[in-house]
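Work through the exercises below with the model open beside you. Try each task before you read its solution.

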Amino acid sequence: MEHPENNEAYKGLTVNNGVPQPSIINPYLRKQRIRRRQLSADELVEGIRKGNVTVLSQAVTLVESVNPFHQAKAQEVIEKCLPFSGKSVRIGISGVPGAGKSTSIDEFGIHVLNRFGGKLAVLAIDPSSERSKGSILGDKTRMEKLAQHPDSFIRPSPSAGSLGGVARKTRETIILCEAAGFDKIFVETVGVGQSETACHSMVDFFLLIQLAGTGDELQGIKRGIMEISDGIVINKCDGDNVDRCHLAATSFRNALHFFPAHESGWEPKVLCYSGFYGTGIKEIWDMVHEYIAYVKGNGYFDYRRNEQSKYWMYETINEHLRSHFYNNPTIQQHLAVAEQAVLKGEKTSFMAAADLLKGYFDKCLDEGGST
């Protein structure tokens, strides 16, 4: 629009049209977001076999998904990777919160890579919130050296309510990492105390990190995680804490005599080290390699791998039965009714559960007979 000030009658005054104002609507919102192309199962396997960590990460995400379509695709990937797995040494690392697991793994990993070469995968399990169901997944921030190493792969995963100190699909992730060429695998548990026995069922060597001067000497002779450990190491053996660490090591050595002998014939050792200063690391890995050589020599290594495979077969059966039960449409309809009956005091919890299970199995039998 012409301004009247630009008329011939106003020769001494000129007004420009000004700068056009941009639209208040973001123009980029109109563009459709470009989605990454979903790789097929064969493409995922090919990328994993080539050692592509980006493809490996996508495959692990697929395995951890609860989407039924993703689960079917993930099983296909796992089956095709299975022939290339089993050639690594799996180390489980556990300990109480604050024992220095992540810092120690950083030192352990750098020592192993520099001394023996190869490739290292770290599967760090992070506890999930019982309220929000979320996880921080920040273990990589405490593994600064490994995070920059070209031959390491760090994968934090949420526990997602899974008990035993590991995530729901940790064993499947191990298979994928082995197929990608990682010959050393560390599994760091959440650090909940004495119940992390699930990790023991998927590793070759179970390392327990302890602290000195925690105040309860009785913990040393308690069953559970202590009696399944293949090696016990006491962290933070530095400064004024050296004497306390060696005293605690003596107490743990004495406590181990109260436990039954290991099936492997191996007698667990107790060592002291400092993860912060990196002292005593060599002695720990000499112990680990001595153990691996010992169990491979007497045949226990293969026996334990076979027992672990059998254990996870039953665990998979239990998981599928549980999933099939709760995803059954008939059960979903009757669950709410049974729940209200329990809340109103019309049925006991055990009776309501028995009725639901009876209805479920009767329906399965009827469907089996009709097919």
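## Exercise 1: A loop residue

F259 is buried, with a relative accessible area of 8%. Buried means under 20% relative accessible area, exposed means over 50%, and partly exposed lies in between (1.4 Å probe, protein chains only). This is a predicted model: local features need pLDDT of at least 70, side-chain atom pairs count only at pLDDT 80 or more, and totals for chains, interfaces and linings use all residues. Residues are numbered from 1 along each chain as its sequence is written, and side-chain values use heavy atoms, with hydrogens and water left out.

Task: Place F259 in the chain, then find how far its C-alpha atom is from that of E227.

Solution. Step one: F259 sits in the loop between α8 and β7. Helices (H or I, at least four residues) and strands (E, at least two) are DSSP runs, numbered from the N terminus. Step two: F259 and E227 are 32 residues apart along the chain, and their C-alpha atoms are separated by 6.3 Å.

Step three: turn to H262, which is in the loop between α8 and β7 (269-272). H262 contacts E227, I228, S229, D230 and P268, leaving aside neighbours within four places in sequence. Contact means heavy atoms within 4.5 Å.

## Exercise 2: The whole chain

Task: Count the helices and strands, and state what share of residues is buried.

Solution. Step one: the chain has 12 helices and seven strands. Step two: of its 371 residues, 41% are buried. Step three: take the contacts between residues at least 6 apart in sequence; 74% of these join residues at least 24 apart.

## Exercise 3: Helix packing

Task: At what angle does α9 cross α4, and at what angle does it pack with α10?

Solution. Step one: the axes of α4 (residues 101-116) and α9 (residues 281-297) come within 10 Å and cross at roughly 70°. Axes are lines fitted to C-alpha atoms, for helices over the stretch in contact, and angles run from 0 to 180 degrees between N-to-C directions. α4 and α9 are therefore roughly perpendicular. Angles under 35 degrees count as roughly parallel, over 145 as roughly antiparallel, 65 to 115 as roughly perpendicular and the rest as oblique.

Step two: E107, F108, H111, V112, R115 and F116 in α4 meet I281, K282, I284, W285, D286 and H289 in α9. By class, this contact has six nonpolar, two polar and four charged residues. Nonpolar covers Ala, Val, Leu, Ile, Met, Phe, Trp, Tyr, Cys and Pro; charged covers Asp, Glu, Lys and Arg; the others, Gly among them, are polar.

Step three: α9 and α10 (residues 300-326) pack at about 85°, with axes 5 Å apart. α9 is therefore roughly perpendicular to α10. Step four: Y291, I292, V295 and K296 in α9 meet Y300, F301 and R304 in α10. The α9 to α10 contact has five nonpolar, no polar and two charged residues.

## Exercise 4: Cysteines

Task: How many disulfides does a search of the whole structure find?

Solution. Step one: the search finds zero disulfides. A disulfide is a pair of cysteine sulfur atoms within 2.5 Å. Step two: the closest cysteine sulfur to that of C237 is in C245, 4.3 Å away, which is too far for a bond. C237 is buried, at 13% relative accessible area. Step three: for C272 the closest cysteine sulfur is in C237, at 4.6 Å, also too far for a bond. C272 is buried, with 18% relative accessibility.
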